[in-house]
Amino acid sequence: TFVKKAADVNADTEINVADLTGVATIILYGSFNPTSNAKGFAAVEPSVLSVRNQMVKAGTEFTIDVNINGKYAFSGYQFDMNLPEGISVKTIDNRNTDFFASGITGENTMRVLSASTKGECFEGTESCVARITLIADENIETGDYAIDMNNIIISSNGNSQTLNDTKFVVHVGETTGITNINAEGEFAIYDMTGKMVKKATSLDGLKKGVYVVNGHKVIK
């Protein structure tokens, strides 16, 4: 029988990635001290998980980067991603750790769990922790689909910080192609957050993605 109380190694009444990082410490060093390697997690200055909004066509694949940034280093993380009908997961590329798992925990909800079994920490600066390829169903209707991200936790040696829920929007519809750019000389190129990437005469040299040129969205 699974002894649920025994799984709660840091005694916070929750079983999550914090306990996983605590067990790793026990296995490696023979004991668990939740303050010995604390990274100063504090609710007054929480880290943030973010995903950029996407613009896609029905029946296509698209990739999102899941970023976590903040001042605190961490060795494990978990989050839930609630998928709207018509959008599904194809693959997940874990970016940093040697342990990774994902599974469906409820209706259209995918949980991602990842941690370093060696206790190694990510830097506290912005980092892509997972790259997920999603698929927009070919029969999905045109419109905006919000994807909620919640139950977000980062952890190190049994210590944890719960991050605020967030969401990103997938716009399904027709997008303007690169060939429709109509401008003479250099033009300003913006990313989907409104930040100017550079001024140029073409999109050559840019990463694949969606940009804004002359008020129109274009795909590279």
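Predicted model: local features only at pLDDT ≥ 70, side-chain atom pairs only at ≥ 80, totals over all residues.

Q: Which residues form a negative surface patch?
A: D137 is one of them, together with E85, E107 and E138.

Q: How many salt bridges does a search of the whole structure find?
A: Side chains of opposite charge can pair when their charged atoms come close. Here the search finds 5 salt bridges. Among them is D80 with R111, at 2.7 Å from N to O. D80 lies in strand β4 (residues 76-82) and R111 in strand β7 (residues 109-115), so the pair ties together parts 31 residues apart in sequence. D80 is buried, with a relative accessible area of 6%, while R111 is partly exposed at 33%.

Q: Which parts of the chain does the pair of D191 and R52 link?
A: Their side chains meet in a salt bridge of 3.7 Å, N to O. D191 is in the loop between β12 (187-190) and β13 (196-200), and R52 is in the loop between β1 and β2, 139 residues apart. With a relative accessible area of 9%, D191 is buried; R52, at 47%, counts as partly exposed.

Q: What about aromatic rings?
A: For these, look at ring centres and planes. The count comes to 1 aromatic pair. Y77 and F79 are stacked, with 6.2 Å centre to centre and 5° between the planes. Both Y77 and F79 are buried.

Definitions and conventions: Residues numbered from 1 in each chain as written. Heavy atoms only, no water. Patch = residues over 30% accessible without salt bridge, like charges linked within 9 Å, V, L, I, M, F, W, Y side chains within 5 Å. Areas by Shrake-Rupley, 256 points an atom, 1.4 Å probe, with all protein chains shown as cover. Salt bridge = Lys/Arg side-chain N within 4 Å of Asp/Glu carboxyl O. Lys, Arg positive; Asp, Glu negative; His and termini not counted. Charge placed at Lys NZ, Arg CZ, Asp CG, Glu CD. Phe/Tyr/Trp six-rings, centres within 6.5 Å; stacked < 30°, edge-to-face > 60°. Buried < 20%, exposed > 50% of the residue type's maximum accessible area, 1.4 Å probe, protein only. Helix = DSSP H or I, 4+ residues; strand = E, 2+ residues; numbered from the N terminus.
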